[in-house]
Protein chains: 2
Amino acid sequence: MAMARLSDLIENFIKELMEEAGKHYVEIQRNELANVFNCAPSQINYVLETRFTIDRGYIIESKRGGGGYIKIYKTSISNNWINKIIENVGDNISESKARYYIDALLDHNIITTREAALMKAVVNDKILPFSQEDKNMLRALLLKAMLMEIARNK
Amino acid sequence: MAMARLSDLIENFIKELMEEAGKHYVEIQRNELANVFNCAPSQINYVLETRFTIDRGYIIESKRGGGGYIKIYKTSISNNWINKIIENVGDNISESKARYYIDALLDHNIITTREAALMKAVVNDKILPFSQEDKNMLRALLLKAMLMEIARNK
DNA sequence: TTACTTTGACTTTCTTTGACCTTCAAATAT
DNA sequence: ATATTTGAAGGTCAAAGAAAGTCAAAGTAA
């Protein structure tokens, strides 16, 4: 039924590579990976830019030219990271962006699946009877309150 | 004989999908479904907005763009306990009453300490910049959304 | 009338693709 | 030795494509 997004497949592939290797990083070759998924090489960049960002606890290091590579490091999420995110959230945030951060916490095992679901219910757009602007403002408050609680409880 | 409303047909179709799949959620594609019923895609939104609302026990999650989707989650009706609380919460609730319910859930081991802390952070009176009346109203919405998620996830 | 439905034009968000650019190291030429 | 060329990477950006969301106007039913 639901056609999976190529970007998600690539994201999972990279995460699995990392897990299987039992390491906190992987090294890939852009063209090779693009070849595996039969897509444009720049698609790989898109995945890296949208899924393996610092905000999600990943750091990318690469080198061009012959023998070039892309290394993806999974960083450990500290309270410092959470505080950075709280700053980034600012005064308003969309539902998808909020989910983006929640998924990062889940990815790094900072929260459980159930906790993630709970948090997502809170930031769900449909439960708030306000204007889009007000919803984004309120969501930011709620998300930050939850993030602070997580940092405290960690 | 009354001509069945399109919206009702779509509503039933979605509910049947869910039952047949034996799952507490379904994933649909808006355009695809609109195509099945030969209607405007926005008709699907109308059905979701009027029939699959939070107070009817549904939570919607969606994503735009290529490979987009709409997921419809149904609250489990099996958890009578939680549903009773949801009923009791009503349309507005004070912080202390909300904490009282959260503690009760913790007491019965329905949620963990961490989950309780997360929930309390959300119902905290101080984080909301509204009148007392609005805060109580909003808190009720948030608490119910979280309770439904817990019932679903149990 | 009044509330609910249906429709369609327009908007926003997210993804995919491709053409062109930059960097680097090894091979080659001077 | 030093400079140049070449090919092998990865990077950038904008356009095209693929969904879903919004909103208001028009239509229907109670």
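Visitor: How many helices and strands does chain A have?
Guide: Helices (H or I, at least four residues) and strands (E, at least two) are DSSP runs numbered from the N terminus. This is a predicted model in which local features need pLDDT of at least 70 and side-chain atom pairs count only at pLDDT 80 or more, while totals for chains, interfaces and linings use all residues. Residues are numbered from 1 along each chain as its sequence is written, and chains are lettered from A and ligands numbered from 1 in the order in which they are written. Along the sequence the pattern of chain A is α-β-α-α-β-β-α-α-α-α, and the count is seven helices and three strands.

Visitor: What span in Å does α1(A) reach from its first C-alpha to its last?
Guide: The expected span of a helix is 1.5 Å times one less than its number of residues. With 16 residues, α1(A) has an expected span of 22 Å. After this helix comes A:G22, with a positive phi near 65°.

Visitor: How far apart are the C-alpha centres of domain 1 and domain 2 of chain A?
Guide: Domain bounds come from an automatic or database domain assignment. In chain A they give domain 1 (6-74) and domain 2 (79-153). The distance between the two C-alpha centres is 26 Å.

Visitor: Which elements of chain A give two or more residues to the side that touches chain B?
Guide: Two residues are in contact if their C-beta atoms, placed from the backbone, lie within 7 Å. The contact takes 20 residues from chain A and 21 residues from chain B. On the side of chain A, the elements giving two or more residues are α6 (113-123) and α7 (132-153).

Visitor: How do the residues on that side of chain A divide by class?
Guide: Ala, Val, Leu, Ile, Met, Phe, Trp, Tyr, Cys and Pro count as nonpolar, Asp, Glu, Lys and Arg as charged, and the others, Gly among them, as polar. By these classes, the side of chain A that touches chain B has 13 nonpolar, two polar and five charged residues.

Visitor: Is B:T113 buried or exposed?
Guide: A residue is buried if 20 or more other C-beta atoms, placed from the backbone, lie within 10 Å of its own, exposed if 12 or fewer, and partly exposed in between. B:T113 lies in helix α6 (residues 113-123) of chain B. Because B:T113 has 9 other C-beta atoms within 10 Å, this residue is exposed.

Visitor: Which residues are closest to DNA strand C?
Guide: A residue is near a strand if its C-beta atom, placed from the backbone, lies within 6 Å of it. The surface near DNA strand C has eight nonpolar, 15 polar and six charged residues. Of the 29 residues that surround DNA strand C, the closest are A:S42, A:G65, B:L6, B:S42 and B:G65.

Visitor: Which residues come nearest to DNA strand D?
Guide: The surface near DNA strand D has seven nonpolar, 18 polar and four charged residues. Among the 29 residues around DNA strand D, the nearest are A:R30, A:S42, A:G68, B:R30 and B:G68.
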